[in-house]
Amino acid sequence: MNYPDRFDVIVIGGGHAGTEAALASARMGCQTLLLTHNIETLGQMSCNPAIGGIGKSHLVKEIDALGGAMGLATDLGGIQFRVLNASKGPAVRATRAQADRIRYKAAIRGMLENQPNLTIFQQAAGDLIVDNDTVRGVVTETGIRFHADSVVLCTGTFLGGVIHIGLDQSKGGRAGDPPSNALAERLRALPFRVDRLKTGTPPRIDAKSVDFSQLEEQPGDSPTPVMSYLGSREMHPQQVSCHIAHTNQHTHDLILANLDRSPMYSGVIEGIGPRYCPSIEDKVHRFADKSSHQVFIEPEGLDTHELYPNGISTSLPFDVQIQVVRSIKGLENAHITRPGYAIEYDFFDPRDLRHSLETKFIHNLFFAGQINGTTGYEEAGAQGLLAGLNAARRAQELDAWYPRRDEAYLGVLVDDLITMGTKEPYRMFTSRAEYRLLLREDNADLRLTEAGRELGLVDDTRWAAFSQKREAIEQESARLSTLWIQPGSPAAEQVAEKTGAPLTREYCLSDLLKRPELNYRDLANLPGIEGTLVTDPAVAEQVQIQAKYQGYIDRQQHEIDKLKRHEATPLPAELDYLKVEGLSNEIRQKLAEARPETLAHAARISGVTPAAVSILLVHLKKRR
Ligand code: FAD
């Protein structure tokens, strides 16, 4: 049966990628269909109920800056907020929120249901309608045919999903959900390169059976951080603490004694797991010298007693899981509410995608999320937004849009994936971004909201709030450079007290702000200045960061400009990278393997730093 309405864009899968894709496409005015297995699981967190963290909050803020849902849903569902790396530089500072998974899901569903141009339909997609190497629509497993100009596939861990608990296996997309096998078979028949990855999750625990007096309490930050640029503390529900527990030698002995019953170590699982989110059996095996690992005991929500023990993801048999959990101090009587498990699934080699996330072999078909070999809600959401907006642009017969590596973590993510591919679940880190001083979480809106507005992604409310903030920052920065402190004045004496050095000449406030001992709040208290500075903390923070780091930021911008001038410089095919002096061995090997065609291509290889590119440039000049 043909569904009576035609759509501009169809998005398959209502997880983190699919919801951002559908919302982005609909915001841009495209009639959009979100086709998903189960409406009750829209926006479901398959694993830990947390959003953000290092490198990841940068993506959330970029999604938010482009009008996406994840940041606001986090503010509506977040029950504990912290800033990680708070004492370090702003480039690596990151916001992390523990979420109430029910409230988070409800917030996402609310946004989807209230989004104009968006239709939601519950059915499993079983086939794609492909004609002349171009996708034309989707057929559900019950035979309903939907037609559209472009299709975005966001099926997560569901394609050919196999769940492992010890040596027992069952088919599933995640615990409690069916796999997507018909679609997996159809995709395997198309010319994409496909492989298997795996990920895992810990058993969940009933809080009523935990002795919290034996655990270390970890409260959230005060004042409470906020995730979205449109968010506020008033949006947050009640805030609660997490707790910290520790594995011990007995825990490790139990795990080691049962490794032969682990599907990973007995060779049953072939897919590679996330290196930076390893299972507890992996940690105990790989770091044999460590006698203890931290376990963060995180609440799953305000209306449930379930806890998520972050750090003991496992696919060991259930009888071993019980012993492992109960070997931990404070968890001696713990009742497990759901067993931990590992899941293996199909993913497609992202090198078969364009920067827009359109597949190279089938026109108008886009892939986003875990299907591209990534792990994490934030990585999925960011790709979903990009794929959704490009699917919409394709339907509107417009050119693709994507940010560059120096503009956004989203640019880094997509460029890494499509240039280098991935052999293990890819997660974002600040270290992956060579221009991380420019790509801070505090300035994602300044980097992207204007582009988002032009793309049709940013609504009037967000645009008005952003424009007001941007203007306030510009005005305040300009004003600080016109306010002078004279030597010998009471203000100068206060500055000398703070910095330990007297002012020997007059200084404007923007220059004083560059000093490490002074922050914006100190200036606000100077005699003659007090009461005149801005009160909006986001504006004050931006003015301060821009003043303090301007030198470094300018240097990074200079490197980008220099690289742009040399982008097209060809790299000779016979160049022996192993002999280029000044490069690290790792970079030499990466270049030798990838054999980039131009300097720009070399610069895009993950781990090839701007400094390495400069060395290559000098080397090329010497050869001439
Ligand atoms: P998903 O969130 O999986 O959403 C896929 C959606 O597609 C679902 O709604 C599904 O119902 C729907 N769907 C699938 N097939 C079809 C179809 N044929 N028709 C219609 N709808 C369909 N991430 C981490 O960062 N750290 C971790 O430790 C971690 N552990 C994990 C452990 C497990 C067991 C699982 C399952 C996931 C884990 N993840 C982890 C990954 C995280 O859940 C994903 O990265 C994220 O959810 C990916 O988002 P997505 O939108 O790509 O897919």
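Analyst: Start with β4 and strand β5 (residues 94-99), which run antiparallel and are joined by six bridges. One of these pairings can be named: Leu-84 has Ala-94 in β5 as its bridge partner. Keep in mind that this is a predicted model.

Now widen the view to the sheet. It is an open sheet of three strands in the order β3-β5-β4, with antiparallel pairing. β3 (50-52) and β4 (78-84) are the edge strands, and each pairs on one side only. From one strand to the next, the twist averages 20°.

Next, look at two helices. Two packed helices are described by the angle between their axes and the distance between the axes. Helix α2 (residues 56-65) and helix α3 (residues 70-77) have axes that come within 7 Å and cross at roughly 110°. Angles of 65 to 115 degrees count as roughly perpendicular, so α2 is roughly perpendicular to α3. On the α2 side, the contact is made by Val-60, Lys-61, Ile-63 and Asp-64. On the α3 side, Met-70, Gly-71 and Thr-74 make it. By class, this contact has three nonpolar, two polar and two charged residues.

Strand β10 (residues 162-165) pairs with strand β11 (residues 168-171) over four bridges, in the antiparallel sense. In β11, Gln-169 is the bridge partner of His-164. The two strands form a hairpin, with two residues between them. Gly-166 sits in that turn and has a positive phi of about 60°.

Some backbone details come next. Most residues other than glycine have a negative phi, and most peptide bonds are trans. Leu-357 is not a glycine, yet its phi is positive, at about 75°. Its place is in the loop between β19 (341-348) and β20 (365-367). A residue is buried if 20 or more other C-beta atoms lie within 10 Å of its own. Leu-357 has 30 C-beta neighbours inside 10 Å, so it counts as buried. Asn-364 lies in the loop between β19 and β20. Asn-364 also has a positive phi, about 65°, although it is not a glycine. With 21 other C-beta atoms within 10 Å, Asn-364 is buried. Elsewhere, a cis peptide bond joins Ser-222 and Pro-223, with omega about -5°. Pro-223 is in the loop between β14 (216-218) and β15 (242-246).

Now follow one residue across the chain. Val-9 is found in strand β1 (residues 7-12). Val-9 counts as buried because it has 34 C-beta neighbours inside 10 Å. Val-9 and Ala-395 are 386 residues apart in sequence, but 7.1 Å apart in space, C-alpha to C-alpha. Beyond its neighbours within four places in sequence, Val-9 is in contact with residues including Ser-25, Cys-30, Asp-149, Val-152 and Ala-391.

Finish at the ligand. There are 38 residues around the ligand, and those that come nearest are Gly-13, Gly-15, Gly-156, Gly-369 and Ala-380. Four elements each supply at least two residues of this shell: α1 (16-27), β2 (32-36), β12 (194-201) and α9 (377-395). By class, the shell has 13 nonpolar, 23 polar and two charged residues.

Key: Residues numbered from 1 in each chain as written. Predicted model: local features only at pLDDT ≥ 70, side-chain atom pairs only at ≥ 80, totals over all residues. Axes fitted to C-alpha atoms, helices over the stretch in contact; angles between N-to-C directions. Parallel < 35°, antiparallel > 145°, perpendicular 65-115°, else oblique. Contact = placed C-beta atoms within 7 Å. Nonpolar A, V, L, I, M, F, W, Y, C, P; charged D, E, K, R; others polar. Near = placed C-beta within 6 Å. Pairing = 2+ DSSP bridges. Buried ≥ 20, exposed ≤ 12 C-beta atoms within 10 Å, placed from the backbone.
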